[in-house]
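Please keep the sequence and the structure side by side while you read.

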Amino acid sequence: MKIVDVRATTVAVPLEAPLLHANGAHWGRFIRTIVEVETDDGLVGLGELGGGGQSAEAAVAGLRPYLLGHDPFRLEALRFAIANPTASLYNNRTQLLAAVEFACLDLMGKRLGVPVSELLGGRLRDEVGFASYLFFRYADPSTGRGEVRTPDQLADEARRLKAEHGFEVHKLKGGVFDPDYELECYRALADATAGDLLRYDPNGALSVGRAQRFGRAILDLPNDYFEDPTWGLNGMRQLRGLGLPLATNTVVVGFEQLASNVRDPAVDVILLDTTFWGGIRPCIKAAGVCETFQLGVAVHSSGELGIQLATMLHLGAVIPNLDHKADAHYHHLTDDIIEGGKMPYRDGAIRVPTGPGLGVALDHEKVARYADLYRETGDYPYDRDPGRPGWYPLVPNERWADPAAAQPADLTSW
Ligand SMILES: [Mg+2]
């Protein structure tokens with residue numbers, strides 16, 4: 001089997017409302033690049049990447065000379081062919097490698113008539129449990145709905161998501177407002193979801209001192225873990241005395257950092273991201289290291305449509321030591337580009353696809369519709385907040401948003 005064509009299509013899929021985070025916002029839509037890898041026997045494998053608010057079409061097109069003629073089964077060769085670690089000092093293609101790896105695994109599964117999870121060790125579970133992923137949100141400008149900026153709104157949103165999807169773990173994406181205000185919100189979340197586990201993740205925005213203060217103030221709550229409260233392995237190490245499990249998806253996103261964390265522990269739980277780590281297979285390798293050294297493992301979400309979600313589900317299905325619920329932005333989306341529409345949550349979990357390959361197929365009408373939407377609305381800067389023109393954060397941050405600020409009027413240009 002040889003690769004004969006590589007295509008990329010950028011889509012913009014609307015979110016229920018704009019999502020705020022420590023570095024800016026998702027401006028009311030996710031922009032994702034859908035990758036289709038075709039082989040000489042007519043099979044098409046699917047990949048996906050994106051997350052920074054921009055198209056990756058040009059970068060995918062640049063890979064064509066590297067990929068044409070390559071056998072999709074030769075995945076280790078592919079790693080060195082396009083993402084040699086020393087050549088990557090100039091051209092870091094880790095995320096591109098991930099999208100191509102997804103497509104190649106999809107092709108292998110389709111060729112052999114088995115799901116990707118069966119190629120990767122076999123399913124240990126038929127569904128993967130998820131946490132709710134709660135963001136502070138602006139209202140959707142067209143509907144006026146979806147705003148989450150106060151403790152009461154956050155509590156209501158958590159109750160709604162729990163009732164609708166069955167979540168029993170709740171993650172608050174913070175780092176937006178002053179930590180004392182976010183502490184008030186987190187405690188309101190705890191009250192609204194009594195008995196459930198909680199996570200707080202301000203994307204490393206707090207100083208070590210403010211992270212210590214926040215951590216001490218939540219010790220009485222059922223915390224699943226304290227995720228990236230401050231920046232850096234050395235910053236996180238200074239929080240080890242708090243008595244809270246520490247998690248990261250920012251400072252351990254590769255094997256060098258994982259080795260450092262084993263030799264001089266900073267965090268307890270590693271959130272594995274199929275894009276950040278360069279594919280599903282490196283995440284499984286990393287999970288093996290975590291199993292050996294008794295580190296916790298969870299599945300990270302870097303913002304996904306159904307193709308990427310399928311990679312997260314196949315990963316979650318085959319890792320024996322998945323001892324925390326996975327994250328997904330998925331429930332904030334209004335639609336998906338796969339056949340059958342959005343995958344449903346049942347009791348806080350999503351079933352692992354069982355069809356050949358990744359087990360998802362493109363709905364070509366939806367792809368065309370959301371490619372049109374991308375052409376109409378264009379890119380957005382993930383690291384800017386439409387409500388605060390000219391603003392950018394420091395690390396550690398001190399330039400917090402005002403929860404009472406006006407709703408931004410324009411979410412298409414900046
Ligand atoms: Mg995180």
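How many residues of domain 1 are in contact with residues of domain 2? In this predicted model, 36 residues of domain 1 are in contact with 36 residues of domain 2. Several elements give two or more residues to the side of domain 1 that touches domain 2, including the strands β1 (3-14) and β4 (29-39) and the helices α3 (75-83), α4 (94-112) and α13 (364-377). The largest share of that side, 7 residues, comes from α4. Sorted by class, the side of domain 1 that touches domain 2 holds 22 nonpolar, 9 polar and 5 charged residues. As for the bounds, the domain assignment gives domain 1 as 3-117 + 364-377 and domain 2 as 121-351, and the centres of the two domains, taken over C-alpha atoms, are 23 Å apart.

The largest nonpolar core has 120 residues, of which V100, L189, I270, L272 and V297 touch the most other members. The core draws at least three residues from each of domain 1 and domain 2, and its largest share, 11 residues, comes from α4. For V100, the contacts beyond its neighbours within four places in sequence are V35, V37, G47, L63, L67 and L78.

After α4 comes G113, whose phi is positive, near 75 degrees.

The helix α3 shows how buried and exposed residues can be arranged around an axis. Its buried residues are L78, R79 and A83; seen down the axis of α3, they fall within an arc of 105 degrees, so they line one face of the helix. On the other side of α3, E76, A77 and F80 are exposed. What covers the buried residues of α3 includes α4.

Some details of the backbone remain. Most residues other than glycine have a negative phi, and most peptide bonds are trans. Against this background, D228 has a positive phi, near 40 degrees, although D228 is a residue other than glycine. D228 lies in the loop between β10 (223-227) and α9 (233-237), and D228 counts as buried because it has 27 C-beta neighbours inside 10 Å. D347, which is not a glycine either, has a positive phi of about 50 degrees. The loop between α12 and β14 is where D347 is found, and D347 counts as exposed because it has 10 C-beta neighbours inside 10 Å.

R346 also has its place in the loop between α12 (306-318) and β14 (349-351). With 11 other C-beta atoms within 10 Å, R346 is exposed. Although R346 and E164 are 182 residues apart along the chain, their C-alpha atoms are separated by 8.9 Å. Finally, in the segment after α13 lies P396, and the peptide bond from V395 to P396 is cis, with omega near -5 degrees.

Conventions: Residues numbered from 1 in each chain as written. Predicted model: local features only at pLDDT ≥ 70, side-chain atom pairs only at ≥ 80, totals over all residues. Domains from an automatic or database assignment. Contact = placed C-beta atoms within 7 Å. Helix = DSSP H or I, 4+ residues; strand = E, 2+ residues; numbered from the N terminus. Nonpolar A, V, L, I, M, F, W, Y, C, P; charged D, E, K, R; others polar. Core = buried A, V, L, I, M, F, W, Y, C linked by C-beta atoms within 7 Å. Buried ≥ 20, exposed ≤ 12 C-beta atoms within 10 Å, placed from the backbone. Arc of directions from axis to C-beta.
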